[in-house]
Amino acid sequence: MRYQSRCAAIGLAFAVAGATCAAPSVRGQDPGGPQGPIFTVKNESGAARTINVAGFSVVATDNPFFLDLGVNGRRCVTCHQPANNMSVSAADIRARFEATGGADPIFRPNDGSTSPLADVSTVDARRQAYSMLLTKGLIRIGISILPTAEFDLYKVSDPYGYAGKNASGNELSLFRRPLPSTNLAFLSTVMWDGRETFQKGSPAAIHFDLADQANTATLGHAQDPLPIDQATRERIFAYEIGLYTAQSFDDAAGDLHAAGARGGPENLSREPFVFGVNDPLGCDQNGANCDPKTAVFNPFVFTEFDAWANRAGGRNGARAAVARGQALFNTLLIPITGVAGINDDFNLPTVFGSCTTCHDTPHAGDHSVPAPLNIGIADPPVSFADGGDGIHNAFGLAVGDMPVYALRHKMTGTLKFVTDPGRALITGKWRDVGRFKGPILRGLAGRAPYFHNGSAATLLDAVNFYDVRFGLSLTNGQKADLVAFLRSL
Ligand code: HEC
Ligand code: HEC
């Protein structure tokens with residue numbers, strides 16, 4: 001095993017009681033002591049809790065997840081913080097910058113800056129170089145277009161001057177949010193583009209994928225020149241797979257498992273996951289052989305807050321709002337059109353579904369089979385010439401700071417414009433351009449912003465996106481209810 005436990009003056013991003021290396025990004029009370037299996041942390045709308053049911057502390061300081069495995073000071077915990085529901089929030093990253101002058105190991109030019117060539121020599125230069133981390137919590141993933149892809153790169157417009165101009169001339173800069181390394185027992189697909197999904201459809205498959213992912217994360221983010229050994233991969237997996245995170249307290253609604261409700265991570269950890277369960281597209285557990293006609297689908301994906309329906313008065317008013325939001329999430333009619341991965345694959349111009357058509361895994365909200373979808377998150381900004389402001393895309397998402405790639409179909413010459421080709425970079429397929437997985441929707445409060453590119457600063461922004469994208473005409477009351485529900489997950 002090749003890792004060292006180092007307590008650098010800067011860089012440790014988790015709290016070690018009494019140690020000199022505690023960094024300000026760590027908040028949280030831990031009833032089990034600093035090393036216990038329960039970790040509770042306050043956030044903007046209440047408190048979230050992470051538990052580990054596999055016998056580890058949540059802050060398991062001797063697990064390789066928390067150790068320095070590479071050469072640039074990065075650890076898994078650098079980007080997957082217990083205090084941010086095992087992801088990172090843009091607000092916390094800003095606090096880490098201010099506390100360290102941009103020296104915390106999350107600020108490394110290989111993938112923390114807007115370009116690996118960016119000037120990081122002074123604090124001001126670093127503020128500039130790490131702007132995507134500081135504003136949206138985005139890491140730069142570099143992936144090239146496959147030579148065998150059905151498309152090539154026609155034009156790049158990268159405000160940071162790197163994409164498509166690197167040594168091999170074809171590496172794209174993809175700015176993506178760290179997915180939470182928690183609730184992994186519900187995963188069908190690993191990474192936004194599924195690129196770590198080699199085996200699928202069973203717990204053993206996800207085990208294989210996550211062990212491999214632990215290695216590539218160390219080689220990439222921590223710039224380790226050599227693969228980590230199997231024992232280290234297994235130790236990381238054993239720790240990760242025991243983690244469950246959910247909001248446990250809401251400032252308005254109170255304890256999320258009071259009065260018959262079943263919020264919080266303890267309830268979540270007792271929910272089973274079966275690959276392919278409740279898939280409205282009728283795919284098998286591998287996401288293949290789909291036939292919507294044979295689908296067994298129950299739209300009531302979340303039932304956590306059933307007991308709070310129809311309440312009135314005081315705290316009960318806030319509880320009723322959460323229950324109304326849950327009902328909207330499960331059943332609000334959404335005319336799904338123009339979504340690559342649904343309307344094209346199944347040749348159905350409009351599918352009348354709900355939020356749960358895509359967020360179908362009971363109690364977790366990800367897709368229960370690998371089902372990459374293009375809902376428009378990677379659509380480019382609308383230019384002045386086309387009546388836009390050059391910052392927001394057609395659905396109101398702020399993407400003006402992203403590179404825009406013009407991809408050209410090699411046979412037809414057709415162009416597609418995206419800020420991130422997503423799944424298409426893995427498969428080389430034209431129809432996969434702009435497709436991403438539907439992620440787990442738990443522990444959302446405390447880890448803003450949202451979507452793969454952090455383009456929704458708040459949960460209300462995410463709801464507004466759906467309102468515009470699918471023409472829902474939601475009232476302000478409905479939006480507030482949906483937000484009350486989402487932030488209670
Ligand atoms: C520099 C920041 C950074 C570091 C360090 C890092 N990650 Fe990540 N992690 C990310 C980003 C960004 C993604 C999403 C990337 C994508 O999908 O393209 C991610 C995704 C993941 C996922 C996928 C979750 C899902 O829902 O598919 C897991 C699991 C994970 N990381 C575990 C780890 C482990 C284990 C380590 C240490 C070996 C680690 N990460 C180190 C940034 C980081
Ligand atoms: C047509 C499929 C589809 C429908 C319908 C849908 N979603 Fe999503 N959702 C996705 C996909 C795919 C993503 C990831 C997109 C990305 O980031 O590229 C996502 C992401 C999200 C996220 C961001 C999660 C995160 O961690 O960043 C939230 C919040 C969300 N959806 C809420 C909703 C709500 C609320 C509704 C109903 C109003 C809804 N979704 C309906 C497919 C869908």
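I take helices (H or I, at least four residues) and strands (E, at least two) as DSSP runs, numbered from the N terminus. The expected span of a helix is 1.5 Å times one less than its number of residues.

**Setting.** This is a predicted model, in which local features need pLDDT of at least 70 and side-chain atom pairs count only at pLDDT 80 or more, while totals for chains, interfaces and linings use all residues. Residues are numbered from 1 along each chain as its sequence is written, and chains are lettered from A and ligands numbered from 1 in the order in which they are written.

**Helix α5.** I looked up α5 (residues 203-220): its 18 residues reach 25 Å from first C-alpha to last, close to the expected 26 Å. I then checked burial (buried means 20 or more other C-beta atoms within 10 Å of the residue's own, C-beta atoms being placed from the backbone). Ile206, Asp209, Ala211 and Ala217 are among the buried residues of α5. These buried residues pack against α1 (76-79) and α6 (230-240).

**Ligand 2.** I repeated this for ligand 2, where Cys355, Cys358, Phe436, Tyr450 and His452 come nearest of 25 residues. Two or more shell residues come from each of β8 (334-337), α9 (355-358), α11 (459-469) and α12 (476-486). How many charged residues does the shell around ligand 2 have? I counted no charged residues there, with 20 nonpolar and five polar.

**Helix α8.** α8 (residues 315-331) has 17 residues and reaches 25 Å, close to the 24 Å expected. Its buried residues include Arg319, Val322 and Phe329. α9 and α12 are among what covers the buried residues of α8.

**Sheet.** I traced an open sheet of four strands in the order β1-β2-β6-β7, with antiparallel pairing (strands pair if DSSP finds at least two bridges between them). β1 (38-43) and β7 (254-255) are at the edges with a single partner strand each, so one side of each has no neighbour in the sheet. β1 pairs with β2 (residues 46-52) over six bridges.

Conventions:
Near = placed C-beta within 6 Å. Nonpolar A, V, L, I, M, F, W, Y, C, P; charged D, E, K, R; others polar. Buried ≥ 20, exposed ≤ 12 C-beta atoms within 10 Å, placed from the backbone. Contact = placed C-beta atoms within 7 Å.
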